[in-house]
Amino acid sequence: MNNHNECLPTTTLFKSALSFQNRIAVKALLVGTVSVVTAIGGSSAYAQEWPTENVRLIIPFGAGGSVDRFSRGLAQHWENTHDYSMLVDNRGGASGLLGARTYLGSPDNGHYIFAGIQPTLSMNIVTQGADFSLDDFTFINVEQRDYTSITVRADSPYETIQDLVDAIRDDPSGVTVSMATGAGTHLFGVAFLDALELDPQVVTFSGGGGEQRTDLLGGHSDAAFSSAYGDITLGDKVRVLAVSSHEHFPAWPDAQPVIEAYPDINIPEIGDNRFIAIHKSFAEANPEVLDTIVQSYRDVYNSDAYQAHIKNQGSDMISDYYGPEQSTAFIKEMHEVVESYSDILQGE
C-alpha cells in the first residue's frame, strides 16, 4: 500500500432533580446503608454513595468531535441525577494519547471518568508506544458502536463495492482512497485492503472526518473509509457502497455489509466505538463504589430523557448498553485486531 501523507490541522451543573424532602430521605437511607432512591426511573440498590464531589469527564480529543458530542450529552443527563456537577475536560493531542495519559495521571478517586474511542486507545498503545495498557482501565460501557463506511461521491462511476474493487485491481495507481489515521475506520481500511490484496493510492488525514469528507466531496479522493453514522450528514451528496457491520446499516440500506459482498474474508465489525471507563486501581480497591457507578450510568442510559436525547441526535441506531463484561470483551477483541495489523499501521 502506497501511503501519501497529507498533514492537516487536528482540530458538558445542574441542581438535583430530587426535592428537598427526597434529598433528606436519601441521606437517611445512606446512613442506614440501605437502597437509594434515584432521580430517574425508580429505585436502585446502591451499595455506596457516589458521587461525593464534582465529577470530571476527561476526553482525549478536542471540542466538537464525535466523542465530545457524545460525552457532553451523557454528562448533561447524568449530572441531573445527583447534587454534583459533571464537567467535561477536553485534553486533545497525539491522536488521543495525551488525553489518556492525562486521565491516568488524574486522582484515582472515582470522580474522574474517561471517555474514549476503541480501537484508537489500542492504537495509542500498539503503534505509538504508550506507557500504559488496557489493564489500567476498567470499562463501564461501550455505548456507541459506529461502523466504517466505504463511501464515494453521488456522481462516482462506482455503483457497487465490487466496481470499486475491480477498478483498483485494474489500475491501482489510478484510484485514490482516504483514511483518517488513528481511527477505527483507518484500521478497517487497512484490514480490507490487506484481505483483498489491494494497493490503491492512499491519502491519510490526521484531522479527522471533517477534512476527509471535504477532500472526498472536492473530488481529490475517489473513495473514503469513513464513518457510516457520520456520513449521514452528507445526505444525497454521497453513496455508501459498503459497511463494516455484519448487518445492513439502517441509514444506508443499499450498502452491502462487506462480509456479504466478500464472504471469504473474515474482518470484524471495525469502526469508532465510544466508551466510558474509570481507573482500574480505583475499581479494584473499591468494588462497591464501582457497582454504584455502573448502576448510576445504567439508570441514566435507560432513562426516558436520555433515550429521547439519543433518538433526537440520531445516535440511537449505534447506541446500546452492553455492560462492563461484554464491553471489556469487545475492547480486548479490537486490541487483538490492532496487534495483528501493527506492522502495516506503522508503515512497515
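**Group meeting: strands, helices and rings in a predicted model**

Thr138 counts as buried, because its relative accessibility is 13% and buried means under 20% relative accessible area, with exposed over 50% and partly exposed in between (1.4 Å probe, protein chains only). Before going on, the ground rules. This is a predicted model, where local features need pLDDT of at least 70, side-chain atom pairs count only at pLDDT 80 or more, and totals for chains, interfaces and linings use all residues. Residues are numbered from 1 along each chain as its sequence is written, and side-chain values use heavy atoms, with hydrogens and water left out.

Back to Thr138. It sits in strand S7, residues 137–145. Helices (H or I, at least four residues) and strands (E, at least two) are DSSP runs, numbered from the N terminus. What does Thr138 touch, leaving aside its neighbours within four places in sequence? Ala277, Ile278, His279, Lys280, Ala283 and Leu290. Contact here means heavy atoms within 4.5 Å.

Now strand S6, residues 112–118, which holds Ile117. Ile117 is buried too, at 10% relative accessibility. Neighbours within four places in sequence aside, Ile117 contacts Phe61, Val67, Asp272, Asn273, Arg274 and Phe275. Pro60 is 57 residues away from Ile117 along the chain, yet their C-alpha atoms are separated by 8.9 Å.

Helix H4 next, residues 120–127. Six of its eight residues are buried, so the helix is mostly covered. Those six are Thr120, Leu121, Ser122, Met123, Asn124 and Ile125. After H4 comes Gly129, with a positive phi near 65 degrees.

On to helix packing. Two packed helices are described by the angle between their axes and the distance between the axes. Axes are lines fitted to C-alpha atoms, for helices over the stretch in contact, and angles run from 0 to 180 degrees between N-to-C directions.

How do H2 (residues 66–78) and H10 (residues 287–302) cross? At roughly 100 degrees, with axes that come within 10 Å. H2 and H10 are therefore roughly perpendicular. For the cut-offs: under 35 degrees is roughly parallel, over 145 roughly antiparallel, 65 to 115 roughly perpendicular, and the rest oblique. From H2, Leu74, His77 and Trp78 meet Ile293, Ser296, Tyr297 and Val300 of H10. By class, that contact has five nonpolar, two polar and no charged residues. Nonpolar covers Ala, Val, Leu, Ile, Met, Phe, Trp, Tyr, Cys and Pro; charged covers Asp, Glu, Lys and Arg; the others, Gly among them, are polar.

H10 also packs on H11. Their axes come within 5 Å and cross at roughly 60 degrees. That makes H10 oblique to H11. Val300, Tyr301 and Asn302 in H10 meet Asp304, Tyr306, Gln307 and Ile310 in H11.

Take Gln307, in H11, residues 304–313. Buried or partly exposed? Partly exposed, with a relative accessible area of 30%. Gln307 and Ser319 are twelve residues apart in sequence and 9.6 Å apart, C-alpha to C-alpha.

Last, the rings. Rings of Phe, Tyr and Trp (its six-membered ring) pair if their centres lie within 6.5 Å; planes under 30 degrees apart are stacked, over 60 edge-to-face, the rest tilted. The count is 17 aromatic pairs. Phe132 and Phe137 have ring centres 6.1 Å apart and planes at 80 degrees, so this pair is edge-to-face. Both Phe132 and Phe137 are buried. Ring pairs also link Trp50, Trp78, Tyr297, Tyr301, Tyr306 and Tyr321 into a cluster.
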